[in-house]
Amino acid sequence: MMELREFNNQVHPTPDYPSPYGSQHSLRLRTVPPQETSAVQFDWASPPEDAEDSNEPPNLRELPLHMGLKRAVWQVQQMKIPVVSSSWNIKQSQTFRRFCEVAKHVLSYFVLWKRGIQKIGGHFGGGVQSYFLFLRFLVILNFLSSLLIAGFVLIPSIVFRSMNFNSTIPTTVNLTGVEICLQYDPKPDTLMVFITYFLDLISGTGFMEYSYLFYGYYTNFNSMVESNGFSYNIPLAYLLTAAFYFLFCFICMIIRMGGTARVAVVTGGGATGGYSALVFTGWDHGLQEDRTTKLKQSNFRYRLQVDLEEERLKKKSASLTLSQTVSLYALRVFLNMVVLILIGATFYGIAKATQFSQLMKTTGFKGLVLQYLPSMVITASNFVVPLLCDKIALLEKYSASTTVILALLRAVFLRLVSLGVLLYTLWEQITCEGDISKQNCIPCNYYYDEYKCWETRVGQEMYKLTLFDFLITIATLILVEFPRRIVVDHCSCKLTQWVGRQEFLVAPNVLALVYSQTVVWTGALFCPLLPFINTIKFILFYFCKKITLFQNCQPATRNFRSTTSNFFFLLVLLFGWMLATMVLLYSVTKIHPSYGCGPFRFSPTMWEVVPQAAEMLNSTSAEFLFYMGSQKFSIPLFIFSCVLLCYVSALTSVHGKSVALLKSQCKLEQRDKQFLVRQIEELNATVQKEQREPQQPQRETDTATRWNQHDNYAFDRDEDPRPY
């Protein structure tokens, strides 16, 4: 073997005589040198070309080899034993590697809804699958948040209440003149009829109001609980748990956004190579049914139509005259004004419905309807106004992708700001329109007559929004989607066939999840168990959406065709988190807590418990914490953050230019390949044309002359080679 390898590695000189075939002959007539073979050869000893002094084995995924040869190469790599390593280290590394593989394989069985989501992706494609992946992310996020709140707030409160550890009013608190503000007794009567229990369960009043669900139930723990050398500060734990809950959600979103942004940057955001990516890599090979395959084909057809329509609109816009351009932009400005008027009227209706609902005092079913009036108005506006905006967007003469993006932005703005309008209206009433010196806010610094425990009232509103959203989803599934499918399947008239089954639109469904999660974040401070309720709600959402997807819906033929859609949805979720964070900061730092309920009832603001707890520490720890909150630390931190942001921005710009340069090089290489292909086609056409010409009578003479002109040293020059 060694001799054969050395012989193969030797460079054998080529013969001195030229080839009997001229350069103008066909490429098929040229012989292949004996050193080259058609099989793939792999040099076991040579390192990769781009590896300089590297002992790492080549990545098998990057090698152009079939699976059998890759398996053989992998086995050879496993047999390589480093000289400097002992056999014990090798066994340990192999054992650890096998353990990691087994652990990864075992953990894959515990992935939530793995097979169900894979089945959804196989039947309806990756677009619909992304909705359920986003839903699973929110379920896990809410579940972990529920564990955080239960571990630091709920369980300690239950334990202390069962052991009768009740804190007393601090002696430093002056309650002169505010005795009336301490009156708060929401405990219902013991004997109640079933309908009253049901109404209390739906509205969050009665026995639900004075439970662990809402802020007002934690009244007995307004200071530190001490027993046998053990102390636990419930107010501090309540506030810091809410802060860490928001921070934990923010970190999870940033990590997930980083992954989706990385994919968007690698793929170029879908902005370049659209035709090639669609034709060569756009097909979803996980589809399993003929119906979904046809829908995927129609989706491809629609996307190509969208591309062609966008190109046509670009050419048309480039050919517009000045007067036509001015009239087009004037039309768009007018239509945008109409949209803003619709959204403004919606906000005005939400504010009036909230005021009317808070002022009216009725009981029974009528009182339940009045309590749910803001939720009804918000839900109806989120359904009607986007439809009207979509119809208006058709008149703006934008491209299809721009129309979809505008519709999504308007829907996001409507959903998030409508929730902000509801909270703003509540705070205007709680704080007497921001003027606590008014008669209604004296002496409690908030509207005590109407809101004896305003934190619980805000939590009840968020609870009703969450519950009403769930009830509307179930009602739509039972009363709309199932009857529509039955009518379409059993009626053959043209109208029902034209209407067809309901399409599962990914973007509106994802925005509904974002809205629900924003409501939970907003009410988490006032309703600590709201994340747990939302976890159960999203789990039920998964099964309901899965049932209606397989039984009633079909995939949408017009998808939101952008590789950055997942990043966009997470960005919208981040906006919802920012809105909820503003609510948290305003409630903690500006509004006076209720005197009659809650763990902060004897503090001017909720934030006051933090410096009070810091003062109870030793001097070194207290000085360190106060330094962390002072300007001496915050200003340098802000400057450092700005410098770091500028560095990251510059690095991103450099990487973007590098990506653009590589894309331009790829385009040049594609042009070079096209040029070479044309040259080969012309050469083959020329050769085929010469081969079709009639044979010349002097072909033998020309061949003999050409043979004699060759310097063939295998024969003597003076000897006739014909006898040989």
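Okay, so when I say contact, I mean heavy atoms within 4.5 Å. Before we start: this is a predicted model, so local features need pLDDT of at least 70 and side-chain atom pairs count only at pLDDT 80 or more, while totals for chains, interfaces and linings use all residues. Residues are numbered from 1 along each chain as its sequence is written, and side-chain values use heavy atoms, with hydrogens and water left out.

Let's start with Trp521. Leaving aside neighbours within four places in sequence, Trp521 is in contact with Leu141, Tyr245, Phe246, Cys249, Met253, Leu573, Gly576, Trp577 and Ala580.

Now, the core. A nonpolar core here is a set of buried Ala, Val, Leu, Ile, Met, Phe, Trp, Tyr and Cys residues joined through side-chain atoms within 4.5 Å. Buried is under 20% relative accessible area, exposed is over 50%, and partly exposed is in between, with a 1.4 Å probe and protein chains only. The largest one has 111 residues, and Phe132, Trp454, Trp521 and Leu573 touch the most other members. Which helix gives the most to this core? That's α4, residues 114-162, with 15 residues. Helices are DSSP runs (H or I, at least four residues; strands are E, at least two), numbered from the N terminus. There's also a second, separate core of five residues, including Phe160, Val225, Tyr232 and Ile234.

Next up, Leu549, which sits in helix α16, residues 530-551. Buried or exposed? Leu549 is buried, at a relative accessible area of 0%. Not counting residues up to four places away in sequence, Leu549 touches Ile120, Phe124, Val128, Phe132 and Phe504. And Gln502, 47 residues from Leu549 in sequence, is 9.2 Å from it in space, C-alpha to C-alpha.

Last bit, helix packing. Axes are lines fitted to C-alpha atoms, for helices over the stretch in contact, and angles run from 0 to 180 degrees between N-to-C directions. Take α5 (residues 194-203) and α13 (residues 454-490): they pack at about 95 degrees, axes 8 Å apart.
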